[in-house]
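Good morning, and thank you for coming.

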Amino acid sequence: MFMASEQVKVFKGHEAAFERRWAVKQLSFQSAPGYISCRFTRGSQSEDGVVYLSLTVWANEESFLAWKFGLIGRQDWLPVSGPDRTRMEEFDAMVPRSNPQ
């Protein structure tokens, strides 16, 4: 199993556009081979914007990368208009069964 986490700071006034783009992005990976699940959350509103967090779970890293690189150059998932700051993390979700958590 493989997980990818994305944290995006969307500046005030651009939230609706970002959420529309996210809906398109989510549809693209729901039909991708190896996709398992996704959590998408909107954080608290701050003075300058909102931080969104997504966590996608994939069967393996290869499935995630195939989906990710398939998006490059596509017009339906260009960056949101307006400034934002993105932080992407990728995790190998292999946890030993002896882990008490």
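Of the 101 residues in the protein chain, 30% are buried, where buried means under 20% relative accessible area, exposed means over 50%, and partly exposed lies in between, with a 1.4 Å probe and protein chains only. The model is a predicted one: local features need pLDDT of at least 70, side-chain atom pairs count only at pLDDT 80 or more, and totals for chains, interfaces and linings use all residues. Residues are numbered from 1 along each chain as its sequence is written, and side-chain values use heavy atoms, with hydrogens and water left out.

Let us turn to the fold. The protein chain has two helices and four strands, taken as DSSP runs: H or I of at least four residues for helices, E of at least two for strands, numbered from the N terminus. Along the sequence, the pattern reads β-α-β-β-α-β. Among contacts with a separation of 6 or more, 73% join residues 24 or more positions apart, a contact being heavy atoms within 4.5 Å.

The largest nonpolar core has 14 residues, and F18, F29, W58, F64 and W67 touch the most other members. Such a core is a set of buried Ala, Val, Leu, Ile, Met, Phe, Trp, Tyr and Cys residues joined through side-chain atoms within 4.5 Å. At least two residues of this core come from each of β1, α1 (15-30), β3 and α2, and β1 gives the largest share, four residues.

Finally, the aromatic rings. Which residues do ring pairs link into a cluster? They are F2, F18, W22, F29, Y35, F40, Y52, W58, F64 and W67. Rings of Phe, Tyr and Trp (its six-membered ring) pair if their centres lie within 6.5 Å; planes under 30 degrees apart are stacked, over 60 edge-to-face, and the rest tilted. The count is 13 aromatic pairs.

The pair of F2 and F64 is tilted, because the ring centres are 5.4 Å apart and the planes stand at 35 degrees. F2 belongs to strand β1 (residues 2-11) and F64 to helix α2 (residues 61-71), 62 residues apart. F2 is buried at 5% relative accessible area, and F64 is buried at 1%.

F40 and Y52 form a stacked pair, 5.6 Å centre to centre with 10 degrees between the planes. F40 is partly exposed at 28%, whereas Y52 is buried at 1%.
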